[in-house]
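Good morning. I will go through one structure today, starting with a single chain and ending with the contacts between chains. Please look at the model on the screen.

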Amino acid sequence: MDALDIRNLRKEFLFDGGRFPALKGITLSIPAGMFAVFVGKSGCGKTTLLRLVAGLEEPTEGTVGVRGGGAPLRTGIVFQEPRLFPWLTVEENIAFSYRSMGKRPTEETLSALIESLGLTAFRRAHPSRISGGMAQRASLGRTLLYDPDIILMDEPFSALDYFTRAALRDDLLHLWQERRKTVLFVTHDVDEALCLGQRIHVMDRGEVVRIFDVEDDYPRDIASMSGLKREILDAIGNGTCCGAHHAKEKAAEA
Amino acid sequence: MRRLSFFLPSFLLLLLWQAGSVFGWWNAFLLPSPQAVGETFLTLLLNGTLFRHLQASLGRVLVGTGLAFAAGFPLGVFFGLFPRGCAPFLPILDFFRHTPPLALIPLLILWLGIGEASKIAVIILASFFPVFLNTLGGVAACDRKLIEVGRSFGLSRGAIFRTILLPSIFPHVLTGMRLALGFGFRALIGAELVAAASGLGYMIHDAEMLSRSDAVIVGILAIGILGSLLDALVLKVSSRIAPWAFQEDDVHGRP
């Protein structure tokens, strides 16, 4: 069963009277429970793809949905920055999707999640008091508690230091293996893609140019995957990127 | 110990005042000695005069800034949410913002009489804009990335307004309220100096008529101390309600 079905998805950003094609007609499907990675250079359209799936942008053309229609897609996104609410504690931030509906998650669920994120000691702290790594864990927890069908992750670890990044990657794999949610993970880091992805989509200038299925078991030894890494790097290519996101920001300024 | 050193400059100023009075650096009529002021203070305190005027001023300030908040806060939010639609009204607001409330006193007295209404109107005119502009600025400064988090969880516009926008503008509104109290208080004293039968401004005016510079100074001190206390109180209460807004802030920092 496919969790996600994307058909001829196109997105153009308008700016300064010009048009910038960020996505040039993408068609792909992702089976339920898969850890799918999208890798490419900055400006290749991977973030735009994620934002379209999240419903934060409207497509110029094409559809995002579940195969056979049915209920609308319930997605949760983890952004590049933690985007925690400074007025809520770590615990309240994680429970935000409940709070906003005037409900509360059960104490058991909440505690277990906070425990699994290693945030128990900081659950009553405000975001300004915790480190970037912990903030990103809390942000991940907030999306997990929302319990979406598909978890979208937009370079969630790229702002963190090497060690924190490695630790969070392991934690994410662990959580994913427990819950088997469909994950769409965007990154510019090929090692990260190799470490996490069951299916790696290489994107370049608004298109998915290659798809690699990776069968290796977790945790993976990246050092032994140099052949695949070479192939992915080749697929990413050396073409220049104009930067869809910059184009969009320009459009917003105009 | 830190508390002591915090009040050291104030104490030194008092000492200077005392020294100047003892050594006759100035005419005691122009600036009476601390003792003379202290005695007058005690007299006015004990016979209830000071308290009566203080109560009158404080009551007006609280009612006036309360009404200014009731008008300025929703309007600020509204203008912030619909900036384009509201833009044509800005010139009118700008006009009143640049008009000192005291300049309107003659008209206010003409329209509202010399009773409480005209005084409260002066306070509203003075304290509306800090509340309005800070609220407006808060809405404009609200982090779109946080709004997007709400959208990504499928929240309705109303829910985003309640759970994200309102808390995020709270520190701005608070700054507005603190400024409003200060502005309102200052404008009120002015109004009371011109036309009133009670209040700290009236007390000063009355003392001036009787050439009692010691009583004038008591009035000034009462105003300054009351203003500082009000500000500290607002800060204290709001840091209880919203501790997160004060973590970076110096407790004695002025907006």
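Helices here are DSSP runs of H or I with at least four residues, strands are runs of E with at least two, and both are numbered from the N terminus. Keep in mind that this is a predicted model.

With that in hand, how many helices and strands does chain B have? There are twelve helices and zero strands in chain B. Written along the sequence, the pattern of chain B is therefore α-α-α-α-α-α-α-α-α-α-α-α. As for its extent, the C-alpha atoms of chain B fill a box of roughly 75 × 55 × 30 Å along the principal axes.

Now to one pair of helices in that chain. Two packed helices are described by the angle between their axes and the distance between the axes. Take helix 4 of chain B, residues 49–81, and helix 11 of chain B, residues 200–209. Their axes come within 7 Å and cross at roughly 135°.

Next, the interface. Here 18 residues of chain B are in contact with 21 residues of chain A. The size of an interface is often given as the accessible area lost when the parts come together. For chain B and chain A, about 1,800 Å² is buried between them, with 64% of it on carbon and sulfur atoms.

The rule finds three salt bridges across this interface. A:Glu81 and B:Lys145 meet through their side chains in a salt bridge, at 3.5 Å from N to O. Five residue pairs are in polar contact between chain B and chain A. On the side of chain B that touches chain A, helix 9 (144–152) and helix 10 (157–194) of chain B are the elements that give two or more residues. By class, that side has eight nonpolar, five polar and five charged residues.

Last, the whole structure. A search over all chains finds 28 salt bridges. In chain A, the side chains of A:Glu91 and A:Arg123 meet in a salt bridge at 2.3 Å, N to O. This pair links distant parts of the chain, 32 residues apart. A:Glu91 is in helix 2 (residues 90–94) of chain A, and A:Arg123 is in the loop between helix 4 (107–116) and helix 5 (132–146) of chain A.

Notes: Residues numbered from 1 in each chain as written. Chains lettered and ligands numbered in written order. Predicted model: local features only at pLDDT ≥ 70, side-chain atom pairs only at ≥ 80, totals over all residues. Heavy atoms only, no water. Axes fitted to C-alpha atoms, helices over the stretch in contact; angles between N-to-C directions. Contact = heavy atoms within 4.5 Å. Buried area = accessible area lost by both parts, 1.4 Å probe. Salt bridge = Lys/Arg side-chain N within 4 Å of Asp/Glu carboxyl O. Polar contact = N/O pair within 3.5 Å; in protein donor to acceptor, adjacent residues only side chain to side chain. Nonpolar A, V, L, I, M, F, W, Y, C, P; charged D, E, K, R; others polar.
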